[in-house]
Amino acid sequence: MMRSLYTAASGMKTQQMNVDTISNNLANVNTTGFKKERLEFKSLLYESMAKAGNDGQGNGKPVNLQVGHGVKPVGTVRSYTIGTIQKTDNPLDLAITGDGFFVVKDQSDEQVYTKDGSFKIALVDDRQMLITSEGYQVQDVNDEPIYFDSNIDIKKVSISSDGSFSYVTNNNEVIAMDSKIKIVQFRNVNGLEALGNNLLRATSSSGDPILEQDDEDLVKSQIVQGSLEGSNVQVVEEMVNLIVAQRAYEVSSKAIQTSDDMLSQANNLKR
C-alpha cells in the first residue's frame, strides 16, 4: 500500500514542475525572441514480482509481473519555431528568420547567444557602439564590437539581410561599412543553456557555434531590419496543456486519498 502513496506523489511533483514550465511560457508570451519549453517525462524503475520465461517445453509464465514506481521529469525541450515578426520601424531592431543567433559579449567577456535583436547605442570614446539592453557588446564576424562614427546618423544606417552595414550620407551616397554582424548556428540547439535575459550559453551538448558565412552547407538566416521576432508561445495551446496538467495532478492526489482510505480501513479491522 505504501508503494502507491510514493508513486502518486511522484506524479504530483512532476505535474507541479509541468505547471511551472507552462506558467513560464505564459509569462513570456510577449518576450522578444522567447522560445517555448516542453517538459519531458520518463517512468521510474520497475519491481519484478515474477519474470516471464519457460523451460523449453511450454512450462512457465508467458508474461512478466511488474509494478512501476511512478514518473520523473528528465528534461525541458525548447521549440525553436519562428515567432511572429513584428514591425517596429526602429533601425536598430533586428529579427532573424532562420536558425541563426546573434552573438554578444557579456560582462565577463564570454560570448553568449540570443534571438533578441532589440539593440541600442552607447557612446564610447566619441563613437557609437551597438549593444543590448543590458549593455552587452554585439559582436561582428571578427569577434569585435560594432562601432559607428559619431557623425553617422543612426536613422540612416542600413543592415542587409546577411548582416552587412551601410549608411546614406547627406548627399544620398550609400557608403558600405567594414562591420558585418555575426550570426551563428548550432548542431544541437536543445543543448544550449538558458541564462536569463534572453541569453543562451553553448555547452558540450550543443557543440561549438558555427559561423554561417563560413559553412556553405548551412541554410543561411535572413536579418529583417526594423522588426523584432516575437515569442512563439501560443496562449490557447498553453492553456490546454495547463488544464491537462491540472487534471493529471488531481488524479494523482485522488490516488493518494484512496490509498489513505484503504490504509485507514485496514487499521480499523477487528478480529
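These are a colleague's notes on a predicted model, point by point.

1. Ground rules. The model is predicted, so local features need pLDDT of at least 70 and side-chain atom pairs count only at pLDDT 80 or more, while totals for chains, interfaces and linings use all residues. Residues are numbered from 1 along each chain as its sequence is written, and side-chain values use heavy atoms, with hydrogens and water left out.

2. Glu-212 sits in the loop between β21 (210-211) and β22 (222-225); helices (H or I, at least four residues) and strands (E, at least two) are DSSP runs, numbered from the N terminus. Glu-212 is buried and yet has no salt bridge. Buried here means under 20% relative accessible area, exposed means over 50%, and partly exposed is in between (1.4 Å probe, protein chains only). A salt bridge is a side-chain nitrogen of Lys or Arg within 4 Å of a carboxyl oxygen of Asp or Glu. The nearest side chain of opposite charge to Glu-212 is Lys-220, 6.4 Å away; for charges, Lys and Arg count as positive and Asp and Glu as negative, with His and the chain ends not counted.

3. What does the side chain of Glu-212 make a polar contact with? The side chain of Ser-221, at 2.6 Å. A polar contact is a pair of N or O atoms within 3.5 Å; within protein, one must be able to donate a hydrogen and the other to accept it, and residues adjacent in sequence count only if both atoms are side-chain atoms. Leaving out residues up to four places away in sequence, Glu-212 touches Gly-100, Ile-183, Val-184, Gln-185, Leu-218, Val-219, Lys-220 and Ser-221 (contact means heavy atoms within 4.5 Å).

4. A three-stranded sheet. An open sheet is formed by 3 strands in the order β15-β16-β17, with antiparallel pairing. β15 (157-159) and β17 are the edge strands, each pairing on one side only. From one strand to the next the twist averages 30°, where axes are lines fitted to C-alpha atoms, for helices over the stretch in contact, and angles run from 0 to 180 degrees between N-to-C directions.

5. β16 (residues 164-168) and β17 (residues 174-180) pair in the antiparallel sense over 4 bridges; two strands pair if DSSP finds at least two bridges between them. On the β17 side, Val-174 is the bridge partner of Val-168, and Ile-175 is the bridge partner of Tyr-167. The hairpin has 5 residues between the strands, and Asn-172 takes a positive phi near 65°.

6. Salt bridges that span the chain. Searching the whole structure turns up 11 salt bridges. In one of them, Arg-201 and Glu-110 meet through their side chains at 3.0 Å, N to O. That pair links distant parts of the chain, 91 residues apart: Arg-201 is in strand β20 (residues 199-201), and Glu-110 is in the loop between β9 (101-105) and β10 (111-114). Arg-201 is partly exposed, with a relative accessible area of 27%, and Glu-110 counts as partly exposed at 27% too.

7. Asp-143 with Lys-182. Their side chains meet in a salt bridge of 2.5 Å, N to O. This pair also links distant parts of the chain, 39 residues apart, with Asp-143 in the loop between β13 (137-138) and β14 (147-149) and Lys-182 in the loop between β17 and β18 (183-185). Is each end buried or exposed? Asp-143 is partly exposed at 32% relative accessibility, whereas Lys-182 is buried at 10%. Separately, salt bridges that share partners join Glu-110, Glu-193 and Arg-201 into one network.

8. Asp-89. This residue lies in the loop between β7 (85-87) and β8 (94-97) and is exposed, at a relative accessible area of 57%. Its side chain meets that of Lys-87 in a salt bridge (3.2 Å, N to O), and Lys-87 is exposed at 65%. Asp-89 and Leu-228 are 139 residues apart in sequence but 9.6 Å apart in space, C-alpha to C-alpha.

9. Asp-125 is in the loop between β11 (120-124) and β12 (127-131), and its phi is near 55°, a positive value in a residue other than glycine. Asp-126 is in that loop between β11 and β12 as well, with a positive phi of about 60° although not a glycine. Asp-125 is exposed at 69% relative accessibility, and Asp-126 is exposed at 66%.
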